[in-house]
Amino acid sequence: MLRVPAGAFLMGSDNGPEDERPQHRVEVTEFFIDRNKVTNGQFANFLNAVGTRGPRGENYYDVEDNDARVHRREGKWQVDAGHEDRPVVEASWPGALAYCAWAGKRLPTEAEWEKAARGTDGRKYPWGNDPPDRSRAHFGAGWNDLRAVGTLPKGGSPYGALDMPGNGWEWVSSAYRPYPYDRPDGRETLSGEQVRGTRGGGHDASAEDMTVTQRGGRV
């Protein structure tokens, strides 16, 4: 895991979509974040340890979706051949939350994710302000064409986190709400039905979606 020091950074953008506005200053305390995305192999280990549903019946993984690359075979959750080191997709927000707890970690808040991706200088992408290319991010790809995690070191963030833009959306703990980001306003309440934030853009996203300020939301 990578240490991200406490301090302020600029969150959002005044030049992007409406949900990224306004750009504003946010203070975060020190935290740690994984260098790489969670892989299919790691998530399969979690499913084998705890199962696919939580204590209230919440579904952790949409095994029926065509994008799923973890399936039950011979009484065990196994990754489809060749996809072991690729980012897990079709994990629900409760599944991501439970995986992190099982691993002794937690989901980052939306503010923490963005600081880990952009640092403190207001850059547009993790690597700076140069437009994205195939050496820095995996985007504009076809159906389920994800890549093994950690294979694009040129796209690393100021703190060393990899694959933050592209190569699969990432859940954050925060509810998807308008800016400015205000941690005590209820968006970090982990209970209840709320649209939750997603970050980073998918493998099939456009170059325009590779910015560190790009936002999404899913139930």
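Reader: Where does valine 195 lie?
Author: You'll find valine 195 in the loop between strand E7 (170-175) and strand E8 (196-199); strands (E, at least two residues) and helices (H or I, at least four) are DSSP runs, numbered from the N terminus. This is a predicted model: local features need pLDDT of at least 70, side-chain atom pairs count only at pLDDT 80 or more, and totals for chains, interfaces and linings use all residues. Residues are numbered from 1 along each chain as its sequence is written, and side-chain values use heavy atoms, leaving out hydrogens and water.

Reader: Why is valine 195 called partly exposed?
Author: Its relative accessibility is 36%, and partly exposed sits between buried (under 20%) and exposed (over 50%), using a 1.4 Å probe and protein chains only. So valine 195 counts as partly exposed.

Reader: And what makes tyrosine 60 buried?
Author: Tyrosine 60 comes in at 8% relative accessibility, so it counts as buried. Tyrosine 60 belongs to the loop between H1 and E5.

Reader: Which residues are buried in helix H1?
Author: In H1 (residues 40-50), they're Asn40, Phe43, Ala44, Phe46 and Leu47.

Reader: How do you know that the buried residues line one face of H1?
Author: Look down the axis of H1: they fall within an arc of 160 degrees, so they line one face. That arc is taken from the directions from the helix axis to the C-beta atoms.

Reader: What covers the buried residues of H1?
Author: The cover includes strand E5 (70-73), strand E6 (76-79) and helix H2 (93-102), with contact meaning heavy atoms within 4.5 Å.

Reader: What comes just after H1?
Author: Glycine 51, with a positive phi of about 95 degrees.
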